[in-house]
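This report describes one protein chain from its overall make-up down to single residues. Please keep the sequence and the 3D view open while reading.

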Amino acid sequence: MTGESCNINDKEKSCCSTPAQEPAASLKEHWNNAYLNNAEDKLGWYEEFPQESICLVDKCNLSPDSVILNVGAGTTTLIGFLLLMGYTNIIATDISNDSLAKLKTSLGDEEDKITWIVDDLTKPVLLKNIPPVDLWIDRAVLHFFTEAGDQDTYFELLKSKVRKGGFVIFAEYNLDGATQCAGLPINRYNQEMLAEKIGNNFSLTDSFEYSYFMPSGAERPYVYTLFRKTG
Ligand SMILES: C[S@@+](CC[C@H](N)C(=O)[O-])C[C@H]1O[C@@H](n2cnc3c(N)ncnc32)[C@H](O)[C@@H]1O
């Protein structure tokens, strides 16, 4: 089974090959399998040009040396575009070492311009030591955290790392979105739910709904938000 085999009408279906396989021993292995068993451009979250994220990054008016943290980066094309936009202080992190290895390879010589961190956002160790972040970018990561404790840990890290005046981009499955992805259950969001989670020290700067189409052609409705830390 590949990402292409997902059923366009079945929101319970996941978006890559992992569910048809033996259960992974750990979350890390689960995600590594997703990346090792599928070409990047067949994954159910692949974007050739991540236009919506880039639009929101643009709105932040950051200086080139701003610290940009892309959480759950996987093999995203966004990192390459951030480099093209002139950003020099990018951190890419993921629980999957294999995804980051693929992303490094795709960047060629540029890979040494990125700080690479393999860590679990729900049990962060190395991420606790990164410098203050000017922009936190999460596309399709937070919605995998269905346990309240995991969400709390994620938001504690975010709130402690994003500096005052810094920004946060979320792009998550919205309330019309699928209930599973990559064989894992999804906690779906709307703008208000994200605002409540991130708390009063952040104000909403932008928000919109966006329908992403998977390589299979299946529609996946997302909510995009941009928050700024004001308090
Ligand atoms: C659906 S993919 C999205 C990848 C990328 N953000 C993009 O837009 O192409 C979700 C990513 O989150 C990562 N991830 C899942 N759980 C994680 C965790 N607990 N800590 C860090 N990364 C995690 C996965 O390895 C995967 O790369």
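## The model and the chain

This is a predicted model, in which local features need pLDDT of at least 70 and side-chain atom pairs count only at pLDDT 80 or more, while totals for chains, interfaces and linings use all residues. Residues are numbered from 1 along each chain as its sequence is written.

The chain has six helices and nine strands. Helices (H or I, at least four residues) and strands (E, at least two) are DSSP runs, numbered from the N terminus. Of the 231 residues, 41% are buried. A residue is buried if 20 or more other C-beta atoms lie within 10 Å of its own, exposed if 12 or fewer, and partly exposed in between, with C-beta atoms placed from the backbone. Two residues are in contact if their C-beta atoms, placed from the backbone, lie within 7 Å. Among contacts between residues at least 6 apart in sequence, 69% join residues at least 24 apart.

## The sheet

Seven strands form an open sheet with mixed pairing, in the order S3-S2-S1-S4-S5-S9-S8. Strands S3 (114–118) and S8 (202–213) are at the edges with a single partner strand each, so one side of each has no neighbour in the sheet. From one strand to the next, the twist averages 15°. Two strands pair if DSSP finds at least two bridges between them.

Strand S4 (residues 133–139) and S5 run parallel and are joined by six bridges; Asp138 has Phe170 in S5 as its bridge partner. S8 and strand S9 (residues 219–229) pair in the antiparallel sense over 11 bridges. Here the bridge partner of Phe208 is Tyr224 in S9.

## The nonpolar core

A nonpolar core is a set of buried Ala, Val, Leu, Ile, Met, Phe, Trp, Tyr and Cys residues joined through C-beta atoms within 7 Å. The largest one has 56 residues, and Trp136 and Val168 have the most contacts inside it. Strand S5 (residues 162–173) gives the most to this core, with seven residues. Nine of the 12 residues of S5 are buried.

Leaving aside neighbours within four places in sequence, Val168 is in contact with Trp136, Leu158, Val162, Ile198, Phe202 and Phe227.

## Helices H1 and H4

Helix H1 (residues 27–36) packs against helix H4 (residues 97–107) at an angle of about 35°, with the axes 7 Å apart. H1 contributes Trp31, Asn32, Tyr35 and Leu36 to the contact, and H4 contributes Asn97, Asp98, Ser99 and Lys102. Axes are lines fitted to C-alpha atoms, for helices over the stretch in contact, and angles run from 0 to 180 degrees between N-to-C directions.

Within H1, the residues Trp31, Asn32, Asn33, Ala34 and Tyr35 are buried. H4 is included in what covers the buried residues of H1.

## Around the ligand

Which residues come nearest to the ligand? Of the 18 residues around the ligand, they are Trp31, Gly72, Gly74, Ile95 and Leu121. A residue is near a molecule or strand if its C-beta atom, placed from the backbone, lies within 6 Å of it.

## Two loop residues

Asn61 is not a glycine, yet has a positive phi of about 50°. Asn61 is in the loop between helix H2 (51–59) and strand S1 (67–71), and is exposed, with 8 other C-beta atoms within 10 Å.

Ala140, also not a glycine, has a positive phi of about 65°. Ala140 is in the loop between S4 and helix H5 (148–161) and counts as buried, with 23 C-beta neighbours inside 10 Å.
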